[in-house]
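Here is a short briefing on ring contacts and backbone angles. Look over the sequence and the model before reading on.

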Amino acid sequence: MNKVFTRDSILGVLLIAVFSVVAWNLAQLEIFKSISLSPLIIGILLGMVYANTFRKKLPGSWVPGILFCTKQILRAGIVLYGFRLTFQHIMDVGAVALLIDAIIVTGTILLGVGLGRVLKMDKDTALLTSVGSSICGAAAVLGAEPVVKSEPYKAAVAVSTVVIFGTLSMFLYPTLYRAGVYEMDVQQLGLYTGATLHEVAHVVGAGNAMSPEIADNAIIVKMIRVILLAPALLVIGLVSARGRGGHESGYQAIVIPWFAVLFLVVIGFNSIGLLSTSAIDVINELDTFMLTMAMTALGAETSFDKFKQAGVKPFVLAGLLYVWLVFGGYGLVKLLVNQ
């Protein structure tokens, strides 16, 4: 931590903050709003541009500040993300939605890890890609990265797969809806959209493109998936720690990710309703900026050489998981929700 509070490392943090301000303002442009491209995604793209252009021309002493954004600021941002949610959201959509979300999250992670082994992928990249596809896209990857303890570029690769397939869904779902392909009512379509699309922004974009009613249901279902991030991180943390610790370290190697616990605590606090709507809005804006900084910093640690090192397999894996989400999710909703 002391290395962060040197003059040069603070300059590294400020550099990421400047890029994040640019990303924030670009996201307000109509061209990016029309495709629901969030500041987080723009931030990681700007970070990657920096990593592959003039990164080598800046002092290496700035790097600790950049890494501070990928760790401490990231974890604080995940905690504050809880202010977007309440436990009442679960009650609003019922047990069926919770069951569908639990099956989607668990099934996608297990399927992704299994397919990763079949594809002989790097296990960290496979897990991060699976978590991003199963829960809430980039935010889930950001949350899992410090638990998995992987290199930053692996998280950036996983995020890029989420962007590609999540954005595809945002246009595909409304197109299929207008073509009459989906044999679903409004409730079922809301469940399906919220349970299978990657990012919250993708759910908002696709849902509103179909109908406001579908969007309302889809967003609540999506929020339940976001809530499942905390227990998922706890399980991943336990499994990862045992794998690293071996028999000698035993349970001493198990480290519960504190930010996942605080994430749940914040959701509980937010459920009480003590803060005003305006205060929550301010916190959410701050949180979005912090997550944008984390994404930008991850991008700044990602060169094209590292993408080449990762290869095409993460995108193959994400594509296979996408097929499961589209068709498996459709089958689940039709099976579990009565007409």
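Between which two helices is K120 found? K120 sits in the loop that joins helix 5 (88-118) to helix 6 (123-134). The model is predicted. Two topics follow.

**Loop residues with positive phi**

- Most residues other than glycine have a negative phi.
- K120 is not glycine, yet its phi is positive, near 60°.
- K120 counts as exposed, because its relative accessibility is 70% and the cut-off for exposed is over 50%.
- K149 also has a positive phi, near 65°, and is likewise a residue other than glycine.
- The loop between helix 7 (138-148) and helix 8 (152-178) holds K149.
- K149 is exposed, at a relative accessible area of 53%.

**Aromatic pairs**

- The count of aromatic pairs is nine.
- One of them joins Y192 and Y330, with 5.8 Å from centre to centre.
- The planes of Y192 and Y330 are 85° apart, so the pair is edge-to-face, the cut-off being over 60 degrees.
- Y192 belongs to helix 9 (residues 186-196) and Y330 to helix 16 (residues 313-336), so the pair ties together parts that lie 138 residues apart in sequence.
- Ring pairs link Y192 and Y330 with Y173 and Y182 into a cluster.

- Is Y192 buried or exposed? Y192 is buried, with a relative accessible area of 1%.
- Y330 is partly exposed, with a relative accessible area of 22%.
- The cut-off for buried is under 20%, so Y330 at 22% does not count as buried.

Key. Residues are numbered from 1 along each chain as its sequence is written. This is a predicted model: local features need pLDDT of at least 70, side-chain atom pairs count only at pLDDT 80 or more; totals for chains, interfaces and linings use all residues. Side-chain values use heavy atoms; hydrogens and water are left out. Rings of Phe, Tyr and Trp (its six-membered ring) pair if their centres lie within 6.5 Å; planes under 30 degrees apart count as stacked, over 60 as edge-to-face and the rest as tilted. Helices (H or I, at least four residues) and strands (E, at least two) are DSSP runs, numbered from the N terminus. Buried means under 20% relative accessible area, exposed over 50%, partly exposed in between (1.4 Å probe, protein chains only).
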